[in-house]
Amino acid sequence: MLETLLVRCCAPTLAGIKTGCLFRCPCPAGETLLPDICGWNRRLAGKGVCILPMDRSAGSVLVYVYRPALLDRDLACPAAAVLLRERGYAGDGTACLRQLRRHLAAGGAFPHEIGLFLGYPPEDVRGFLEHRTEGCRCVGWWRVYGNAEAALRLFARYDKCTALYAARHAAGVPLEKLTVAFPAGA
């Protein structure tokens, strides 16, 4: 089941065109996804992909699939760094991820800055944090407050990638072969 969800929910990240994806995976009480996640991490690490369980609640686990090299690049962007500092984050991608996991585990308000960890443009993350749904120019993989044309092109690319990966996986191509190698320093 985890493999199918990884393909369906994370194809653009597996293809190396999106920093990260987030999805909920069913996990009944008393069960754990850790062995499956550890297995997939071993198989995909050489391709530059990491999988982290972020939070557990009511029979499911929030799973984050990401490319560390892209995350470090995205979070180093000045606009993203300012947004994160304003919300109490400090350090590199790994340190920020630890802080994000703590925010999720603490409950309370959902940390909408999570969009930065998914590759959303900082202007769109800030737009949502400040305006929620007002002033939104379009909606796709996220709410867009900045460049709607560029976002719509990117959404179409993500959708095409997801459809292609789902079809190839359904035809028997394993996840490891669908995942594009992306060196850590790239």
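Is Arg126 buried, partly exposed or exposed, and at what relative accessibility? Arg126 counts as partly exposed, at 24% relative accessibility, where buried means under 20% relative accessible area, exposed over 50% and partly exposed in between (1.4 Å probe, protein chains only).

The views show a predicted model, in which local features need pLDDT of at least 70 and side-chain atom pairs count only at pLDDT 80 or more, while totals for chains, interfaces and linings use all residues. Residues are numbered from 1 along each chain as its sequence is written, and side-chain values use heavy atoms, with hydrogens and water left out.

View 1. Through shared partners, salt bridges join Glu86, Arg87, Arg126 and Glu130 into one network.

**View 2. Glu176 and Arg43 meet through their side chains in a salt bridge.** The N to O distance is 3.1 Å. Because Glu176 lies in helix α8 (residues 175-178) and Arg43 in helix α2 (residues 34-44), the pair ties together parts that are 133 residues apart in sequence. Glu176 is partly exposed at 24% relative accessibility, and Arg43 is partly exposed at 42%.

**View 3. Asp74 forms a salt bridge with Arg73.** Their closest N and O atoms are 2.8 Å apart. Asp74 counts as buried at 16% relative accessibility, whereas Arg73 is exposed, with a relative accessible area of 52%.

Definitions and conventions:
A salt bridge is a side-chain nitrogen of Lys or Arg within 4 Å of a carboxyl oxygen of Asp or Glu. Helices (H or I, at least four residues) and strands (E, at least two) are DSSP runs, numbered from the N terminus.
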